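Hello,

My notes on it follow.

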Amino acid sequence: VPSVDLSWLIGAGLLVGVGTTLANGCTSGHGICGLSRLSPRSLVATLTFMVVAIITVYVMKGLK
Amino acid sequence: MGKLLIAGVAGLIMGLGLAVSGMGNPANVIGFLDITGNWNPSLIFVMGGGLMVTFIGFKWLGAKVPTGGSFKEVDLKLVGGSALFGVGWGISGYCPGPALIALDGGSTKAILFFVAMIAGIALTQAMSHLLKHKN
């Protein structure tokens, strides 16, 4: 079970809010709806947040 | 059927799907993203299943669904925003939908995350509004 500090969690919430607003979509908007209608923008967005999230999890494991 | 009712039913189905599939549990999400460690691939089926149903549904709706677009429309806002989102998602295991359904447990973590997320959304909207009116 991931146990992150509450301050990290607040930072993560801010990043998710800012990021999804700038990108106009999240896992549902780009990952499901956008990909389902074959949108190139959504493909780029989905690949970007997937790869970045995988790297982030890897880095976070190293920090613990 | 009123639009409100349709939105309510769609929300109910989506919330059920997220809850039943375990997407509302950040441990599952982090396990899915942890491809170099103790990888938990179950969410592939959540994404894949969702994609399949939506793809077929959109095909069925036909012309009502906007299609097209091109890679030329990819900009820094899209890539940068997605990257920021990816960092936040990787740290917490919450993306916006699951963060919403996690609220029902009333956990401090879910509430804190949710409030911070709303603050991030409001801040970004306010900033882009300001920038738009400056130019």
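Chain B has six helices and zero strands, where helices (H or I, at least four residues) and strands (E, at least two) are DSSP runs numbered from the N terminus. Read from the N terminus on, its elements are α-α-α-α-α-α.

A note on conventions: this is a predicted model, in which local features need pLDDT of at least 70 and side-chain atom pairs count only at pLDDT 80 or more, while totals for chains, interfaces and linings use all residues. Residues are numbered from 1 along each chain as its sequence is written, chains are lettered from A and ligands numbered from 1 in the order in which they are written, and side-chain values use heavy atoms, with hydrogens and water left out.

The C-alpha trace of chain B spans about 50 × 35 × 35 Å along its principal axes. Its accessible surface comes to about 8400 Å², 73% of it belonging to carbon and sulfur atoms; such areas come from the Shrake-Rupley method with a 1.4 Å probe, and for residues only the protein chains shown count as cover. Of the 135 residues in chain B, 29% count as buried (buried is under 20% relative accessible area, exposed over 50%, partly exposed in between; 1.4 Å probe, protein chains only). Contacts (heavy atoms within 4.5 Å) in chain B between residues at least 6 apart in sequence join residues at least 24 apart in 40% of cases.

**The interface**

The size of an interface is often given as the accessible area lost when the parts come together. For chain A and chain B the buried area is about 4700 Å², with 80% from carbon and sulfur atoms; this is the accessible area (1.4 Å probe) that two parts lose on being put together, summed over both. The contact takes 48 residues from chain A and 54 residues from chain B.

Five residue pairs are in polar contact across this interface, both residues being at pLDDT 80 or more. On the side of chain A that touches chain B, the elements giving two or more residues are helix H1 (6-23), helix H2 (27-36) and H3. A polar contact is a pair of N or O atoms within 3.5 Å; within protein, one must be able to donate a hydrogen and the other to accept it, and residues adjacent in sequence count only if both atoms are side-chain atoms.

**Salt bridges**

How many salt bridges are there between chain A and chain B? The count is two, with a side-chain nitrogen of Lys or Arg required within 4 Å of a carboxyl oxygen of Asp or Glu.

- A:Arg41 and B:Asp75 pair at 3.6 Å, N to O. This pair runs from helix H3 of chain A to the loop between helix H3 (42-61) and helix H4 (76-92) of chain B. B:Asp75 is partly exposed because its relative accessibility is 37%.
- A:Lys61 and B:Asp34 have their closest N and O atoms 2.8 Å apart. Here the pair joins helix H3 of chain A to the loop between helix H2 (26-33) and H3 of chain B. B:Asp34 is buried at 10% relative accessibility, whereas A:Lys61 is partly exposed at 38%.

**Helix H3 of chain A**

A:Thr46 also lies in helix H3 of chain A and is buried, with a relative accessible area of 7%. Not counting residues up to four places away in sequence, A:Thr46 touches A:His30, A:Gly31 and A:Leu35.

Regards
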